[in-house]
Amino acid sequence: MLRVGATVLMALAIGIGGASSAETKRQEVVDIWPGQAPGTSDWSGPEFRQPITLPGVGTFEMVTNVTTPTLTVYRPAPGKANGSAVIICPGGSFQILAWDMEGTEVAQWLADRGVTAFVLKYRVRGAGSPPPTPQGRPDVAAFDKHLPNFRPGWDIATADGRQAVRFLRTNAARFEIAPDRIGMMGFSAGAMTTMSVAMSDDPAIRPDFVASIYGAADDVAPPSDAPPLFIAAAQDDMAVPVAKSLMLFSRWNAADRPAELHVYERGGHGFGMRRHETTVDGWPAAFELWLKTHGWIGTGAVSN
């Protein structure tokens, strides 16, 4: 989610919560950098998390003050892995991570379908006020005006995203995945991170397929061999203009690269994979079919 609410800022200010959770104890967690992650040596303070409830979004677990980026591994049931992998980038204005709603819940959904999923805990910190965002349904000009405020955090997240792809390709055998079947998907700020990684000039750090969920990207042409792209967004998004998804599709289409776009009338911003009793509830099924069509998951995968 791109917009951080006042409730979140209060939690950041008082520092409620700790870095431990039952979820991280159950799952394998691996560091992606061989030493200290570059560019944030001056960051300090403990990582912490806490439940947050936002209007129109619901309750989710917030994680912030991340200084050590990691991947949390969700493996399919024994005998079900198909060799595909997906790195998941939660959103949160580059200040927090919507850890469960846009991370672990998505990872479990993918693991149920034979995909080894990796939730990327990229570096974020919530000190200070959030970068201002437009009120009401934003247009592209208003949104773009505020993008420079996000750039420092965006660049750090992109560095972690690229390193995550590099790490998995190097360690593919360890996780029983194919190095040429590594995808990445993100939500809001996580989708912006995903698309920056997808735009990399170096194919070695570029995912094999990507998904942008209510996200945006820099206004540049994709590489000539850009990966297949899946896009989902809602027309009534009040944080990221739905036009950003249309523009992203148009750039992939102009480059003659595979792309699929799903725009739903109602769903707002931050719909994740939870049910909202609107047509946006159908996007996971569309995403599953897209994955099957490209061969990233098999026909024997679990369906709702």
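Predicted model: local features only at pLDDT ≥ 70, side-chain atom pairs only at ≥ 80, totals over all residues.
Three strands form an open sheet in the order 2-3-6, and their pairing is antiparallel. Strand 2 (48-54) and strand 6 (96-98) stand at the edges with a single partner strand each, so one side of each of them is left without a neighbour in the sheet. From one strand to the next, the twist averages 35°.

Strand 2 and strand 3 are joined in the antiparallel sense over seven bridges, and within this pairing Thr53 has Thr59 of strand 3 as its bridge partner. The hairpin that these two strands make has three residues between the strands, and Gly56 takes a positive phi near 80° there.

An open sheet of eight strands has the order 1-4-7-5-8-9-10-11, with mixed pairing. Its edge strands are strand 1 (28-31) and strand 11 (259-264), each of which pairs on one side only, and the twist averages 20° from one strand to the next.

Strand 8 (residues 182-187) is paired in parallel with strand 5 (residues 85-89) through five bridges, and it is also paired with strand 9 in the parallel sense, again over five bridges. The residues that stand opposite each other in these pairings include the following.

| Residue | Opposite residue |
|---|---|
| Val86 | Gly183 in strand 8 |
| Ile87 | Met184 in strand 8 |
| Gly183 | Phe209 in strand 9 |

Between strand 8 and strand 9 the chain passes through helix 6 (residues 189-198), and this β-α-β crossover is right-handed.

How many of the six residues of strand 8 are buried? Six of the six are, and the strand is described accordingly as mostly covered. In a regular strand the side chains alternate between the two faces of the sheet. Here both faces of strand 8 are covered, with Ile182, Met184 and Gly186 buried on one side and Gly183, Met185 and Phe187 buried on the other. Helix 8 (residues 283-293) lies across strand 8, strand 9 (209-213), strand 10 (229-234) and strand 11, and runs at about 170° to strand 10.

In soluble globular proteins, nonpolar side chains tend to be buried together. The largest nonpolar core of this model has 79 residues, and those with the most contacts inside it are Leu71, Ile88, Leu110, Met185, Ile213, Trp283 and Phe287. Helix 4 (residues 140-170) gives the most to this core, contributing nine residues. A second, separate core of nine residues includes Leu54, Phe60, Ile96 and Met101.

Not counting residues up to four places away in sequence, Met185 touches Val86, Ile87, Ile88 and Cys89, together with Val106, Leu110, Thr194, Ala211, Ile213, Trp283 and Phe287.

**A buried lysine**

Lys121 is found in strand 7 (residues 116-121). Why does Lys121 count as buried? Its relative accessibility is 8%, and buried means under 20% relative accessible area. The side chain of Lys121 is joined to that of Glu47 by a polar contact of 2.7 Å. Leaving aside neighbours within four places in sequence, Lys121 is in contact with Glu47 and Arg49, with Val63, Val66, Thr68, Pro69 and Thr70, and with Leu97 and Trp99.

Definitions and conventions:
Residues numbered from 1 in each chain as written. Heavy atoms only, no water. Pairing = 2+ DSSP bridges. Helix = DSSP H or I, 4+ residues; strand = E, 2+ residues; numbered from the N terminus. Axes fitted to C-alpha atoms, helices over the stretch in contact; angles between N-to-C directions. Contact = heavy atoms within 4.5 Å. Buried < 20%, exposed > 50% of the residue type's maximum accessible area, 1.4 Å probe, protein only. Polar contact = N/O pair within 3.5 Å; in protein donor to acceptor, adjacent residues only side chain to side chain. Core = buried A, V, L, I, M, F, W, Y, C linked by side-chain atoms within 4.5 Å. Right-handed = clockwise from strand over helix to strand, strands pointing away.
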